[in-house]
Amino acid sequence: MATDEQPEGVVRVRADNPSPLTLDGTNTYVVGTWVVDPGPADPVHLDAVRRAAGDGIEGVVLTHSHADHSEGADELGAPVTLPGEGQEVGPFQAIATTGHSADSVCLLMDRVCFTGDTVLGEGSVFIAPGEGSLSSYLDSLRRLRALDLDVLCPGHGPYVADPAAKLDDYISHRLDRERRLLEALESGITSRDELLDAAWPEVPEHLRGAAALTLAAHLEKLVEEGRMPG
């Protein structure tokens with residue numbers, strides 16, 4: 001369930017960089033003197049972040065290195081960390097959640113989880129083969145699902161007030177895409193456009209390119225697992 005009710009101690013500052021993939025823009029979070037994902041190097045946005053951090057900025061923590069999350073990091077005059085598995089930075093503990101990118105982490109603060117692009121407030125996550133991995137992504141979703149969380153603070157979109165339901169939906173969504181894709185392949189369909197029509201029929205034209213890359217990631221997963229129809 002999406003919500004705009006902010007968790008206690010968390011302030012969201014949304015960058016003005018909307019797009020089909022960034023939704024309403026990148027969410028930067030201020031937690032005390034710490035900044036999560038400072039977003040683009042937009043002076044107006046970074047000034048808003050500084051104002052939200054009224055007691056100053058002690059450190060900047062990234063969920064991954066994509067520019068729409070990290071570009072403004074060096075402008076805030078504080079140490080910048082992209083932590084690894086189990087690393088503690090300020091009030092956060094990092095959990096590796098590769099899949100969207102090889103360096104993606106989620107940041108845990110008690111039962112609050114800052115998810116970057118591993119989970120969005122709305123819609124599904126873009127996975128590109130090569131940089132991303134669908135197999136790793138599903139493993140990361142299942143790892144998050146095993147945690148007892150109160151709220152997700154995503155990199156784009158609203159807060160998620162029912163993390164378990166959201167993660168169940170994300171996992172089932174990916175597996176349903178895979179089922180449709182396998183059925184299409186088994187029927188003899190091989191062209192990219194026909195596979196997209198079969199497994200991503202509702203995707204609007206402006207997102208078809210992103211869907212094609214995610215299709216490639218699904219095919220890569222099936223090849224890795226030896227499940228491609230002969």
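Me: Happy to look at this predicted model with you! Which residues of α4 and α6 meet?

Reply: From α4 come Arg174, Arg177, Glu178, Leu181, Leu182 and Leu185, and they meet Thr214, Leu215, His218, Leu219, Lys221 and Leu222 of α6. By class, this contact has six nonpolar, two polar and four charged residues.

Me: Why is α4 called roughly perpendicular to α6?

Reply: The axes of the two helices cross at roughly 75° and come within 11 Å. Angles of 65 to 115 degrees count as roughly perpendicular, so α4 is roughly perpendicular to α6.

Me: What makes the length of α6 close to the expected one?

Reply: Good one! With 17 residues, α6 reaches 24 Å from its first C-alpha to its last. At 1.5 Å a residue, 24 Å is expected, and the two values are close.

Me: Which residues of α6 count as buried, and what covers them?

Reply: Buried means under 20% relative accessible area. In α6 the buried residues are Arg208, Ala210, Ala211, Ala212, Thr214, Leu215, Ala217, His218, Lys221 and Leu222. Their cover includes α3, α4 and α5. Just after α6, glycine 226 takes a positive phi of about 65°.

Me: Which residues touch the most other members of the largest nonpolar core?

Reply: Of its 20 residues, they are Cys113, Val119, Tyr137, Leu141, Leu144 and Tyr170. Two or more residues each come from β9, α3 and α4, and α3 gives the largest share, five residues. Apart from this core lies another, of 17 residues, including Tyr29 and Val61.

How values were computed:
Residues are numbered from 1 along each chain as its sequence is written. This is a predicted model: local features need pLDDT of at least 70, side-chain atom pairs count only at pLDDT 80 or more; totals for chains, interfaces and linings use all residues. Side-chain values use heavy atoms; hydrogens and water are left out. A nonpolar core is a set of buried Ala, Val, Leu, Ile, Met, Phe, Trp, Tyr and Cys residues joined through side-chain atoms within 4.5 Å. Buried means under 20% relative accessible area, exposed over 50%, partly exposed in between (1.4 Å probe, protein chains only). Helices (H or I, at least four residues) and strands (E, at least two) are DSSP runs, numbered from the N terminus. Axes are lines fitted to C-alpha atoms, for helices over the stretch in contact, and angles run from 0 to 180 degrees between N-to-C directions. Angles under 35 degrees count as roughly parallel, over 145 as roughly antiparallel, 65 to 115 as roughly perpendicular and the rest as oblique. Contact means heavy atoms within 4.5 Å. Ala, Val, Leu, Ile, Met, Phe, Trp, Tyr, Cys and Pro count as nonpolar, Asp, Glu, Lys and Arg as charged, and the others, Gly among them, as polar. The expected span of a helix is 1.5 Å times one less than its number of residues.
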